[in-house]
Amino acid sequence: MRLLITASRIFAEKGFQETTIAEICEQAQSNIASVNYHFRDKESLYLESWRYAFQQDLALYPSDGGVASDAPAEQRLAGRIRSLIARIAAENSHFFAIINKEMAQPTSLLPEILEKEINPQRQAMITQIKECLGPLADDQDIHFCHTSIIGQCFHLMQLKHMKKTYPERRHYPELENPVSYAEHVVLFSLAGIRALRNRIEQSRGDSACAQ
């Protein structure tokens, strides 16, 4: 466990390429033989550290945002948005810090994390968006809404990078008050989905009636 905690922090700070096993072992007060025994190699330790960071984030901020599974779709989507923003904004979120490093210096290991950890979360949000949009929405409607919501959430990752790179530049209200920012994203997104649903039902509902 100490190896995973230390490795996830260092990978988040330095990325895969700049991190060495020797550095992790030194800070975790462990040895290379222990890494080889438990994880085989640096790549496996990287993946397991990433996965550990992801599970830690979810333990602090459950992906449903604390909303019951039988709540109306808009409430469940709102809970998921709030959870995602809270995890991205968290100072100690090593999971998203590693993703940020991956975007700058990609490894061949991202697809495995995407498939096993991120895609289930993505599919859950898409399902809720589809429910909010109604039965007449097509795949493009759903995809565009998902992209809009994720774009607003992942905007925080860019801000965290800018804040770290240019600390003297200016203040960052989204990071200073992520709860208020999350409420804004929820209100903005749900209003947009409702407006789109109305337009879809008017246009495609009329077409269906005309047939």
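Colleague: Which residues of helix H6 do Ser-8, Arg-9, Phe-11, Ala-12, Glu-13, Lys-14 and Gly-15 in H1 meet?

Modeller: Those residues of H1 meet His-94, Ala-97, Ile-98 and Lys-101 in H6, where contact means heavy atoms within 4.5 Å. This is a predicted model, in which local features need pLDDT of at least 70 and side-chain atom pairs pLDDT 80 or more, whereas totals for chains, interfaces and linings use all residues. Residues are numbered from 1 along each chain as its sequence is written, and side-chain values use heavy atoms, with hydrogens and water left out.

Colleague: How do the axes of H1 and H6 cross?

Modeller: The axes of H1 (residues 2-18) and H6 (residues 94-104) come within 8 Å and cross at roughly 35°; axes are lines fitted to C-alpha atoms over the stretch in contact, with angles from 0 to 180 degrees between N-to-C directions. The crossing of H1 past H6 is left-handed, that is, the near helix is turned anticlockwise from the far one by less than a right angle.

Colleague: How do you know that the span of helix H8 agrees with its 27 residues?

Modeller: At 1.5 Å a residue, H8 (residues 139-165) should span 39 Å, and its end C-alpha atoms lie 38 Å apart, so the two agree. The expected span is 1.5 Å times one less than the number of residues. H8 also bends by about 30° at Gln-152, the bend being the angle between axes fitted to the seven residues ending there and the seven starting there.

Colleague: What makes Asp-138 a cap of H8?

Modeller: A side-chain oxygen of Asp-138 lies 3.1 Å from the backbone nitrogen of Gln-140, at the N-terminal end of H8.

Colleague: Why is Gln-55 called partly exposed?

Modeller: Gln-55 has 40% relative accessibility, and therefore counts as partly exposed: buried means under 20% relative accessible area, exposed over 50%, and partly exposed in between (1.4 Å probe, protein chains only). Gln-55 sits in helix H4 (residues 42-60). Its C-alpha is 9.2 Å from that of Glu-117, although 62 residues separate them in sequence. Glu-117 is one of the buried residues of H7.

Colleague: Where does helix H7 bend?

Modeller: H7 (residues 110-133) bends by about 50° at Ile-118, and Pro-120 follows within four residues. After H7 comes Gly-134, with a positive phi near 95°.

Colleague: How many helices and strands does the protein chain have?

Modeller: The protein chain has ten helices and zero strands, these being DSSP runs numbered from the N terminus (helices H or I, at least four residues; strands E, at least two). Of its 211 residues, 42% are buried.

Technical notes. Polar contact = N/O pair within 3.5 Å; in protein donor to acceptor, adjacent residues only side chain to side chain.
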